[in-house]
Amino acid sequence: MSSKKYLFTDPETGKSVDLPVLSGTVGPEVVDIRALYAEKGVFTYDPGFGSTASCESKITYIDGDQGVLMYRGYPVEQLAEKSSFMEVCYLLLHGELPKKEQLEGFIKTITTHTMINETILRLFNGFHYDAHPMAMVAGVVGSMSAFYHDTTDIMNPRHRDIFAHRIIAKLPTIAAAAYKHTVGQPFTYPRNDLDYCSNMMHMFFAVPAEKYNINPVAAQALDLLFILHADHEQNCSTSTVRLAGSSQTNPYSAIAAGISALWGPAHGGANEAVLQMLEQIRTADKIPQFVARAKDKKDNFRLMGFGHRVYKNYDPRAKIIRSMTHKVLEQLGKNDPLLDVAMRLEEIALKDSYFVEKKLYPNVDFYSGIIYRALGIPTSMLTVMFAIGRTVGWCAHWREMIADPETRIGRPRQLYTGPAFRDYVAVEKR
Ligand code: ACO
């Protein structure tokens with residue numbers, strides 16, 4: 001805590017309360033307003049939580065003005081270049097990079113927990129053939145609380161580990177089952193001789209009728225995308241997981257809530273919306289009309305994959321994905337005209353005073369869909385891919401919250417503007 005204090009003075013009585021100032025390792029100072037209601041009877045008002053720190057966290061740091069993102073203090077650029085998704089999972093969950101044996105042990109645990117109960121598999125038959133994969137995945141992950149309720153004691157750290165391992169290991173299997181249901185193919189069981197991303201490619205694309213060769217370039221690209229999606233501090237879905245989890249609910253239910261929050265187009269659903277937008281634009285000559293629509297306040301249309309609550313500079317993840325998009329397409333020998341449209345759109349938007357003044361830059365979702373498309377992942381599965389990468393972040397935050405003695409049930413207050421007291425009126429007199 002810093003020695004600095006903010007003085008809150010009641011304008012009517014002139015009486016003041018000292019509000020302590022908390023300092024993090026890096027980042028802005030935080031005014032602790034907890035005494036405000038008890039001592040002054042007032043609430044603070046912050047829709048969208050633009051100025052509110054909801055918790056203390058040691059996991060991820062973002063400097064939105066500088067375009068900096070760090071997991072446990074390590075810059076995401078270094079992790080993207082030198083690490084692997086499994087190593088990043090360990091880092092996020094445990095706070096330190098693993099030693100060799102720790103990493104091997106972690107990989108073994110994840111690899112040997114990829115199967116799902118056959119009854120879970122049968123749940124997919126209850127979904128219509130054209131159900132959105134995010135709806136299926138959120139529903140099925142929520143149903144895991146029915147399978148693991150009695151063996152999940154959230155106050156037991158070992159049980160919290162087991163939960164994290166299970167959900168990280170099983171989400172690709174659930175995602176693949178959702179995909180197979182959508183395309184009407186038989187489910188493909190996981191293979192323990194494959195790494196996390198190769199196994200995912202196998203579960204998605206192998207069919208019993210012929211041999212499937214896993215492309216290592218594709219598996220490597222997935223691994224990198226998952227590193228970039230792994231965590232992003234108190235974003236909408238993570239805050240949802242924390243809020244739901246703060247009631248001490250079963251953690252699979254809290255993750256299902258996070259998946260549901262991620263689905264929205266203002267959040268992780270933007271990757272699907274970006275591809276749909278690029279498909280609509282199709283040719284570079286139509287870009288100006290879409291940019292004009294995005295600037296028109298009477299039109300609901302926004303440039304999808306542009307803008308961010310925290311980044312007022314280029315999203316560092318978008319920078320990495322943009323350069324990897326070129327490499328991956330080249331290595332896979334693919335040419336996607338949508339990449340040209342995306343690059344031209346970025347160029348035009350970043351020269352436009354509307355986007356410049358509002359500091360709207362491409363975010364993580366702007367280019368990722370083009371890579372997923374090159375890997376054969378259909379557009380409707382893009383947010384599911386995001387969810388697979390983000391699951392470890394949700395788990396790390398949920399574990400941090402449950403272990404934090406300061407945690408209380410999340411329960412915001414409100415500025416009430418509805419009717420004040422009125423007497424009930426009988427139906428015949430209304
Ligand atoms: N296109 C056009 N205008 C935009 C865009 C956009 N993509 N994003 C923001 N703006 C404008 C707003 O209209 C607003 O203008 P105003 O000040 O004249 O009213 C201003 O920029 C600020 O926008 P807000 O919506 O107030 O910013 P907020 O922080 O609440 O929203 C959000 C951030 C939701 C990401 C927004 O930029 C957006 O809708 N972007 C498109 C969807 C998207 O890509 N989402 C993915 C985000 S990354 C992630 O969650 C994984």
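Trainee: Let's start with F124. Buried or exposed?
Mentor: F124 counts as buried, because its relative accessibility is 3%, and the cut-off for buried is under 20%. Keep in mind that this is a predicted model.

Trainee: And F127, how does that one count?
Mentor: F127 comes out as partly exposed, with 25% relative accessibility.

Trainee: How many aromatic pairs are there in the whole structure?
Mentor: A search of the whole structure turns up 20 aromatic pairs. F124 and F127 form one that is tilted, with 6.2 Å from centre to centre and 55 degrees between the planes.

Trainee: What about F366 and Y367, what kind of pair is that?
Mentor: That pair is edge-to-face, because the planes of F366 and Y367 stand at 85 degrees, and over 60 is what edge-to-face takes. The ring centres of F366 and Y367 are 4.9 Å apart.

Trainee: Are those two buried or exposed?
Mentor: F366 is buried, at a relative accessible area of 1%. Y367 is buried too, with a relative accessible area of 1%.

Trainee: Which aromatic cluster do they belong to?
Mentor: F366 and Y367 belong to one aromatic cluster together with F306, Y354 and F355.

Trainee: OK, strands now. What's the order in the sheet with β4?
Mentor: The order is β4-β5-β6, an open sheet of three strands with antiparallel pairing. β4 and β6 (74–75) are at the edges, each with a single partner strand, so one side of each has no neighbour in the sheet.

Trainee: How many bridges hold β4 and β5 together?
Mentor: Four bridges, in the antiparallel sense, between β4 and strand β5, which covers residues 68–71. For example, T60 has Y71 in β5 as its bridge partner.

Trainee: Which residues of β4 are on its covered face?
Mentor: In β4, residues 60–63, T60 and I62 make up the covered face, while Y61 and D63 are on the uncovered one.

Trainee: What's in the turn between β4 and β5?
Mentor: The hairpin of β4 and β5 has four residues between the strands, and G67 takes a positive phi near 75 degrees.

Trainee: And how many residues are between β5 and β6?
Mentor: Two residues, again in a hairpin, and R72 in that turn has a positive phi of about 50 degrees. β5 and β6 pair in the antiparallel sense over two bridges. Y71 stands opposite Y74 in β6, and the bridge partner of M70 in β6 is P75.

Trainee: What about the sheet with β1, which strands are at its edges?
Mentor: That open sheet runs β1-β2-β3, with antiparallel pairing across its three strands. Its edge strands are β1 (5–9) and β3 (30–31), each pairing on one side only. Strand β2, residues 16–22, pairs with β3 over two bridges in the antiparallel sense. There, L22 has V30 in β3 as its bridge partner.

Trainee: Last topic, helices. At what angle do α14 and α17 pack?
Mentor: Helix α14 (residues 316–331) and helix α17 (residues 365–374) pack at about 25 degrees, and their axes are 9 Å apart. They are therefore roughly parallel to each other, as angles under 35 degrees count that way. α14 passes α17 in a left-handed crossing.

Trainee: How about α9 and α17, roughly parallel or antiparallel?
Mentor: Roughly antiparallel, because their axes cross at roughly 155 degrees and over 145 counts as that. The axes of helix α9 (residues 216–229) and α17 come within 11 Å. α9 also passes α17 in a left-handed crossing.

How values were computed: Residues numbered from 1 in each chain as written. Predicted model: local features only at pLDDT ≥ 70, side-chain atom pairs only at ≥ 80, totals over all residues. Heavy atoms only, no water. Buried < 20%, exposed > 50% of the residue type's maximum accessible area, 1.4 Å probe, protein only. Pairing = 2+ DSSP bridges. Phe/Tyr/Trp six-rings, centres within 6.5 Å; stacked < 30°, edge-to-face > 60°. Axes fitted to C-alpha atoms, helices over the stretch in contact; angles between N-to-C directions. Parallel < 35°, antiparallel > 145°, perpendicular 65-115°, else oblique. Left-handed = near helix turned anticlockwise from the far one by under 90°.
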